[in-house]
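Student: I have a model open and would like to learn how to read its features one by one. Could we go through it together?

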Amino acid sequence: CLMTCAQLGLEPNTPLGHAYLIPRFSKGAYECTIILGYKGLLELARRSGTISTMDARVVFKGEELKVTAGTNGMRIEHVIDPFIERGGVTKGNAPQRIVGAYATIVTKDGATYTEFITVSQIEERRKRGASGGGTTTPWDTDYLAMARKSAVRALLMSGLVPLSAEVVEAIRNDEPETI
């Protein structure tokens, strides 16, 4: 896992949020696994040289949201309510607290790519992984960050955004719980 982090140039288990080394019980023993954070995915995408700006956000219930799609791609208008309590979102209460998450990338040539996923799509991704299997995962401790990562990953894997081979390989090797 440390070699993978070194190869990708991502710092594990730091406030940068690039990658996390997680112990997992498998075949009678604990082994180290790596989970890329959404900030790590964005950092890898940024290094591709084609990305100008990126953003990933969670939409809370009660906030204004307009999602449109057409020949110019998907557009999102999200009015953030600064008075909504953003803490305490867990896998147990997420469907009551959030609507979904989205990610947007603008390339240096001016093209904009956006992906929105609903809370039910986020939950589908969470349930495919180790979360709920008796092991504490980032879904248990950092639900909102994992929701943002799910939106980033959905955008990067949409096939629309130009990516480097490094980013594609990192996403393929990432934990299956956020596919």
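**Reading the model, feature by feature**

Tutor: Gladly! Let us begin with the cysteines: this structure holds zero disulfides. Keep in mind as we go that this is a predicted model.

Student: What is a disulfide in general, and how far is the sulfur of Cys1 from the closest cysteine sulfur?

Tutor: In general, a disulfide is a covalent bond joining the sulfur atoms of two cysteines. Here the closest cysteine sulfur to that of Cys1 belongs to Cys32, and because they are 3.5 Å apart, the pair is too far for a bond; the cut-off is 2.5 Å. Cys5 is in no disulfide either, as its nearest cysteine sulfur, that of Cys1, is 7.0 Å away.

Student: Are these residues buried or exposed, starting with Cys5?

Tutor: Cys5 is buried, with a relative accessible area of 3%. Cys1 counts as partly exposed at 30% relative accessibility.

Student: Let me turn to helices. How far apart are the end C-alpha atoms of helix 6, and what should the helix span?

Tutor: Helix 6 covers residues 143–156, and at 1.5 Å a residue its 14 residues should span 20 Å.

Student: How many residues of helix 6 are buried?

Tutor: The helix is mostly covered, with 11 of its 14 residues buried. Among them are Tyr143, Met146, Ala147, Val152, Leu155 and Leu156, and the buried set also includes Lys149 and Arg153.

Student: Where does helix 6 stand in the largest nonpolar core?

Tutor: Start with the core itself, which has 39 residues; those touching the most other members are Leu36, Ile98, Ile105, Ile122, Tyr143, Val152 and Leu156. Several elements each supply at least two residues of this core, including helix 1 (2–8), strand 2 (29–36), strand 3 (51–60), strand 6 (98–107) and helix 7 (165–173). Helix 6 gives the largest share, eight residues.

Student: Now for charged side chains. How many salt bridges does a search of the whole structure find?

Tutor: The search finds seven. In general, an α-helix has 3.6 residues a turn, so residues three or four places apart point the same way.

Student: Which helix holds Glu43 and Arg46?

Tutor: Both lie in helix 2, three residues apart, about one turn of the helix. Arg46 is partly exposed, with a relative accessible area of 44%.

Student: And are Arg126 and Glu123 buried or exposed?

Tutor: Arg126 is buried, at 8% relative accessible area, and Glu123 counts as buried at 9%. This pair also sits about one turn apart, in helix 4, and forms a salt bridge of 2.8 Å, N to O.

Student: Which parts does the pair of Asp140 and Lys91 tie together?

Tutor: The side chains of Asp140 and Lys91 meet in a salt bridge of 2.7 Å, N to O. Asp140 lies in helix 5 (residues 138–141) and Lys91 in the loop between strand 5 (73–79) and helix 3 (94–97), so the bridge links parts that are 49 residues apart in sequence. Asp140 is partly exposed, with a relative accessible area of 30%, and Lys91 counts as partly exposed at 28%.

Student: Which residues make a nonpolar surface patch?

Tutor: Leu65, Val67 and Val99 make one of about 180 Å². Val67 is placed in strand 4 (residues 64–70) and is partly exposed, with a relative accessible area of 37%.

Student: One last feature, the backbone. What phi does Asn13 have?

Tutor: The general idea is that most residues other than glycine have a negative phi. Asn13 has a positive phi of about 55 degrees, although it is not a glycine. Asn13 is found in the loop between helix 1 and strand 1, and at 47% relative accessibility Asn13 counts as partly exposed.

Student: Where is Ala19, and is that residue buried or exposed?

Tutor: Ala19 is in strand 1 (residues 19–26), and Ala19 counts as buried at 0% relative accessibility. The C-alpha atoms of Ala19 and Thr114, 95 residues apart along the chain, are separated by 23 Å.

Methods
Residues are numbered from 1 along each chain as its sequence is written. This is a predicted model: local features need pLDDT of at least 70, side-chain atom pairs count only at pLDDT 80 or more; totals for chains, interfaces and linings use all residues. Side-chain values use heavy atoms; hydrogens and water are left out. Patches are made of residues with over 30% relative accessible area and no salt bridge: like charges are joined within 9 Å, nonpolar side chains (Val, Leu, Ile, Met, Phe, Trp, Tyr) within 5 Å. Accessible areas come from the Shrake-Rupley method with a 1.4 Å probe; for residues, only the protein chains shown count as cover. A salt bridge is a side-chain nitrogen of Lys or Arg within 4 Å of a carboxyl oxygen of Asp or Glu. Helices (H or I, at least four residues) and strands (E, at least two) are DSSP runs, numbered from the N terminus. Buried means under 20% relative accessible area, exposed over 50%, partly exposed in between (1.4 Å probe, protein chains only). The expected span of a helix is 1.5 Å times one less than its number of residues. A nonpolar core is a set of buried Ala, Val, Leu, Ile, Met, Phe, Trp, Tyr and Cys residues joined through side-chain atoms within 4.5 Å.
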